[in-house]
There are 2 protein chains.
Amino acid sequence: MNATIVLHKRPVGTPVLTDFRTVTEKKPEPGVGEILLKTSYVSVDPYLRGRMNDTKSYIAPFELLQPIKSGIIAKVIESDHPDYKQGETVYGLLDWKEYQTSTGKGITRVDVEKFPPSAYLGILGMPGLTAYLGLSEIGKLTKGETLVVSGAAGAVGTVAGQIGKLMGCRVVGICGSDEKVHMLKTDFGFNEAINYKTTRNMRRAIAATCPKGVDVYFDNVGGPISEAVLAKINKFARIIICGAISLYNETSLPTGLSVQPFLLRSSALMQGFIVSDYEAKFPEAMHQLTEWFSTGKIKQAETIVRGFDQIPQAFIDLFTGKNKGKMVVQI
Amino acid sequence: MNATIVLHKRPVGTPVLTDFRTVTEKKPEPGVGEILLKTSYVSVDPYLRGRMNDTKSYIAPFELLQPIKSGIIAKVIESDHPDYKQGETVYGLLDWKEYQTSTGKGITRVDVEKFPPSAYLGILGMPGLTAYLGLSEIGKLTKGETLVVSGAAGAVGTVAGQIGKLMGCRVVGICGSDEKVHMLKTDFGFNEAINYKTTRNMRRAIAATCPKGVDVYFDNVGGPISEAVLAKINKFARIIICGAISLYNETSLPTGLSVQPFLLRSSALMQGFIVSDYEAKFPEAMHQLTEWFSTGKIKQAETIVRGFDQIPQAFIDLFTGKNKGKMVVQI
């Protein structure tokens, strides 16, 4: 049999387990020219929350009672496709299923001899590309500047901060536990890290850790944390709106301080960043990330959960920050 | 004697007449190498409100009991300066005084034979440059796109909308009276104009007047009007934060809908625009504006108030939208 996780109900607020349902079906057989894939690693990502709402966004909503899709590493266990051999490993935006067939469309072969398979869901995957291209295309970070990263201990944040250090910048991370603060400073070389959950005055904490102000803000969270950073931006600051995890579960349109006066007085730029807009730059970005990763200049942080049935919980846990680095489910 | 208007108190909320005081002093005499100027036209501008607060911004605050400064057209009535002759007309960022001396620093000669003097405070001055450079440097407006302008009947808005039409765009203006709606459509060629004061559902009005969505938003007002526009922006939209007149008189930090989710889902850009950041582009912009103005392709809208003592009231009236086009005080 074959387990599939479908969207049972559209979450209201923070997702709960009963929003998902596992259904079993017959294990599929590959058709002519197809491959049969066995899922080995499933990526859970905050942006999936948006697709669970029935609202227009940059990517179509998931359909009710249909499988959720995310980045998946799978093994080719049967092949009738000329380009794929049994035993190879591939990456694709695939269904949350134990087994599935594919025509090969949208699938990429990955080299699991060279790098651990989960790296292709993190540092060498969408989160790595997001960090690299967000900084290069919008942040235009230059040596000696100050970079603040929110959601700093997450999949994108850990990479963004390390790139900032490689570029000769002062890097300050904002995260949600003392353990993460320690990890960012010790394992990833951040100059400073702030635990927003135990910091009473975030503005003061930003001012203290960014004595020259903030030049680039890589924002993964939105909400009050971002308001504190905005208060300290420098003239011509660049703010990359990469995510807004603090707002994804709001049941009404989120409100907060008007950003316009902050942008106006600093001639600052704020731009929404969706990595898929920059596909033309993927090869260049991947080349650089691969070089840095293979020479140990950037490191992968990941939280690996085990078991197909754990996928929904792993996804839910993103919103309370249970992950350090990339959250991956190993099947 | 010589009248001078000083900042008597820092306004709390909307400015009132008692925030200003007229003091009289001896008429000054030009020193060695100086010129004596007699004020003929005074520009009142919304951005001056920010300088009346004692807060750090892109320009230093006015000092209490010192003269307010703004763009002024003045006549040289005495000259000990080799470059200026009696009878010439100049523009400068000068004090709200009937008479003042100058070393010539920051002063530009203007040709009042060619264009009416007040044009140098409007279409051929800071507001014209703001409209032109905001659209070209941030808006990057291209033919066939939809441009929405808020504060559309103001000094900057009337020029921005006309430039949008010259560039082959659909232009929709937002303003505060039916008379202004009529003016924008009839005199300035806007495709549509919306009176926000009588429109109950601004989002619906934006959707109805911008059937292809909004590509560029030239924002002079901020607040709820801007929230309605944001809800209708297209992928890769550009939002020029040029002013936030609806927020300048707030006594606490203004709040509203979080813009980050809107920017994120449209990969949109929002940037603070201060014309003085683009001085290197002034000659090019002025060349184009002068050509358009002298060939009748763009027109000046202005509201002229008369009398030196009327300057504070003219300034205050900006916040209730009593002006159509550039508000100027003729002395």
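In which sense do strand β11 and strand β12 of chain B pair, and over how many bridges? Parallel, over 5 bridges. The strands here are residues 214–219 for β11(B) and 233–241 for β12(B). One detail of that pairing: Val214(B) has Ile233(B) of β12(B) as its bridge partner.

Some ground rules. This is a predicted model, where local features need pLDDT of at least 70, side-chain atom pairs count only at pLDDT 80 or more, and totals for chains, interfaces and linings use all residues. Residues are numbered from 1 along each chain as its sequence is written, with chains lettered from A and ligands numbered from 1 in the order in which they are written. Helices (H or I, at least four residues) and strands (E, at least two) are DSSP runs, numbered from the N terminus. Two strands pair if DSSP finds at least two bridges between them.

Now the sheet. It is open, has 12 strands, and its pairing is mixed. The order runs β10(A)-β9(A)-β8(A)-β11(A)-β12(A)-β14(A)-β14(B)-β12(B)-β11(B)-β8(B)-β9(B)-β10(B). The edges are β10 (192–195) of chain A and β10 (192–195) of chain B. Each has a single partner strand, so one side of each lacks a neighbour in the sheet. On average, neighbouring strands are turned by 15 degrees against each other, direction ignored.

Helices next. In chain A, helix α4 (residues 178–186) packs on the sheet and touches β9 (170–175) and β10. Its direction makes about 170 degrees with that of β10(A). In chain B, helix α4 (residues 178–186) lies across β9 (170–175) and β10, at about 170 degrees to β10(B). Axes are lines fitted to C-alpha atoms, for helices over the stretch in contact; angles run from 0 to 180 degrees between N-to-C directions. Contact means C-beta atoms, placed from the backbone, within 7 Å.

How do the copies relate?

Most residues other than glycine have a negative phi. Phe236(A), not a glycine, has a positive phi of about 65 degrees. Phe236(A) lies in strand β12 of chain A. Leu65(B) also has a positive phi, near 65 degrees. Leu65(B) sits in the loop between α1 (48–51) and β4 (69–79) of chain B.

Definitions and conventions: Contact = placed C-beta atoms within 7 Å.
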